[in-house]
Amino acid sequence: MPARRSGPPASPKSCHERALGLLAVRPRSRRELETRLLRAGFEAEEVSVVVERLERVGLIDDEAFARQVAEHEFGRRRSGARRVSRALAAKGVARPTIEAVLAEAPDDEAARAHELAAARATRLRGVDPAKAFARLSGLLMRRGYAPEVARDAARTALSLQDAEEPHLLYRAPPAP
């Protein structure tokens, strides 16, 4: 957790007003909001009271927040489950909530990987096939897809299934 500033907050707004302002910008997890308010210089007890009050009235709901983030990552960004899990954990969502949201997620991980690979493969025309494969499979793995899924989607999108030795297109990094 980042270090708290000591002394009065930078602005004369109350903790509650600051929290509402942060939530007006975008939904936030409980932990995200607590961290921002503490960094703004508010006392821990005051932050706790304000956050609990906002939870009671439904302005903070980690489960709904997690669903919204997951929907964005799966839908618009075409991310894999690993990336969604990391994104939610980074935003302070509890592990049981993350697992519940991922359990509700669409089961078409490979289909999302293939869609993303096909969309990005057009940008790699004219690039050496081995280099294009490495770039595309790397992108897919960074987006949270398992290495096997990423390599398969990259091969399909780059039409490398018919290559004589497609397994040679992926070179593992040299051992240190």
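Reader: Which residues touch the most other members in the largest nonpolar core?

Author: Keep in mind that this is a predicted model. The largest nonpolar core has 16 residues. Nonpolar side chains tend to be buried together in soluble globular proteins. The ones touching the most other members here are Leu-136, Leu-140, Tyr-145 and Leu-158.

Reader: And which element gives the largest share of this core?

Author: Elements giving two or more residues to the core are H7, helix H8 (129-142) and helix H9 (147-157). The largest share is five residues, and they come from H8.

Reader: What does Leu-136 touch, leaving out residues up to four places away in sequence?

Author: Let's just go down the list, skipping those sequence neighbours. Leu-136 touches Ala-117, Arg-120, Ala-121, Leu-124, Ala-154, Ala-157 and Leu-158.

Reader: Moving to H4, how far apart are its end C-alpha atoms?

Author: H4 covers residues 62-75, so 14 residues at 1.5 Å a residue should span 20 Å. The end C-alpha atoms agree with that, being 19 Å apart.

Reader: Why do the buried residues of H4 end up on the same side, and what arc do they cover?

Author: The buried ones are Asp-62, Phe-65, Ala-66, Val-69, Ala-70, Glu-73 and Phe-74. An α-helix has 3.6 residues a turn, so residues three or four places apart point the same way.

Definitions and conventions
Residues numbered from 1 in each chain as written. Predicted model: local features only at pLDDT ≥ 70, side-chain atom pairs only at ≥ 80, totals over all residues. Heavy atoms only, no water. Helix = DSSP H or I, 4+ residues; strand = E, 2+ residues; numbered from the N terminus. Expected span 1.5 Å × (residues − 1). Buried < 20%, exposed > 50% of the residue type's maximum accessible area, 1.4 Å probe, protein only. Core = buried A, V, L, I, M, F, W, Y, C linked by side-chain atoms within 4.5 Å. Contact = heavy atoms within 4.5 Å.
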